[in-house]
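Here is a friendly walk through one structure, to read with the model open beside you. Please have a look at it first.

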Amino acid sequence: MQKNNITLIGMPGAGKSTIGVVLAKVLGYDFIDSDLLIQKEEGKLLWEIMRDSGNEAFARIEERVNSQIQAEHAVIATGGSVVYGPKAMEHLREISTVVYLKASCSTLEKRLGDLTRRGVKFEPGQTLLDLYKERVPLYEKYAHITVNVGRKTVQNSVAAIISALNS
């Protein structure tokens with residue numbers, strides 16, 4: 001299968017869904033939000049799945065759903081914790097170019113409200129900085145391309161992604 005899909009990975013608040021929608025429109029691609037696929041399959045919001053089933057069960061659901069995505073000419077926005085699922089990431093790397101949307105921890109803190117309501121997978125006592133330090137090496141490991149989106153507008157982020165994909 002040719003890599004005519006683009007998968008966006010990165011921390012919560014990096015703009016995966018927002019940038020993904022605009023990128024898909026600009027490229028004439030479909031847009032898939034894997035968090036919405038999970039919610040549809042489970043019939044619950046992300047935070048409800050975590051509350052009712054726990055983080056480990058959520059991680060298994062997230063890996064299963066992401067490793068089954070089939071798409072052509074699509075931008076796929078993933079949940080920030082997708083990188084914990086090696087099978088899902090191998091699948092996404094096979095079917096798409098994986099783009100890490102990088103932003104500093106301080107930028108993310110400014111953008112994010114109540115993380116529990118966003119369905120962010122946290123362990124008890126863990127801070128956003130702890131999560132950032134834990135996940136960044138995984139984003140860097142799985143990404144084909146890294147684009148710093150921290151201080152960019154959505155339009156500038158999309159332009160930077162397209163430029164990186166074409167170089």
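## About the model

This is a predicted model, in which local features need pLDDT of at least 70 and side-chain atom pairs count only at pLDDT 80 or more, while totals for chains, interfaces and linings use all residues. Residues are numbered from 1 along each chain as its sequence is written, and side-chain values use heavy atoms, with hydrogens and water left out.

Helices (H or I, at least four residues) and strands (E, at least two) are DSSP runs, numbered from the N terminus.

## Helix H4 and its two partners

Two packed helices are described by the angle between their axes and the distance between the axes. Here axes are lines fitted to C-alpha atoms, for helices over the stretch in contact, and angles run from 0 to 180 degrees between N-to-C directions. Angles under 35 degrees count as roughly parallel, over 145 as roughly antiparallel, 65 to 115 as roughly perpendicular and the rest as oblique.

Start with helix H4 (residues 55-67) and helix H5 (residues 86-95), whose axes are 8 Å apart at an angle of about 20°. H4 and H5 are therefore roughly parallel to each other. From H4, the contact (heavy atoms within 4.5 Å) draws on Glu-63, Asn-66 and Ser-67, and from H5 on Pro-86, Lys-87, Ala-88, His-91 and Leu-92. Sorted by class, this contact of H4 with H5 has three nonpolar, three polar and two charged residues. For the classes, Ala, Val, Leu, Ile, Met, Phe, Trp, Tyr, Cys and Pro count as nonpolar, Asp, Glu, Lys and Arg as charged, and the others, Gly among them, as polar.

Now turn to helix H3 (residues 46-53), which packs on H4 at an angle of about 130°, with the axes 7 Å apart. H3 and H4 are therefore oblique to each other. Leu-46, Ile-49, Met-50 and Ser-53 of H3 meet Asn-55, Ala-57, Phe-58 and Ile-61 of H4. The contact of H3 with H4 has six nonpolar, two polar and no charged residues.

## An aromatic pair

A search of the whole structure finds one aromatic pair. Tyr-100 and Tyr-139 are stacked, at 5.1 Å centre to centre and 25° between the planes. Rings of Phe, Tyr and Trp (its six-membered ring) pair if their centres lie within 6.5 Å; planes under 30 degrees apart count as stacked, over 60 as edge-to-face and the rest as tilted.

The pair links distant parts of the chain, with Tyr-100 in strand E4 (residues 96-102) and Tyr-139 in helix H7 (residues 128-142), 39 residues apart. Tyr-100 is buried, at a relative accessible area of 1%, and Tyr-139 is buried at 0%. Buried means under 20% relative accessible area, exposed over 50%, and partly exposed in between (1.4 Å probe, protein chains only).

Ile-32 sits in strand E2 (residues 30-33) and is buried at 16% relative accessibility. Beyond four places in sequence, Ile-32 touches Leu-37, Ile-69, Ala-71, Ala-74, Val-75, Ile-76 and Ala-77. Of these, Ala-74 is 42 residues from Ile-32 in sequence and 6.9 Å away in space, C-alpha to C-alpha.

His-73 lies in the loop between H4 and strand E3 (74-77). Most residues other than glycine have a negative phi, but His-73 has a positive value near 50°. His-73 is partly exposed, at 41% relative accessibility. Finally, Ser-157 in helix H8 (residues 154-166) is buried, with a relative accessible area of 1%.
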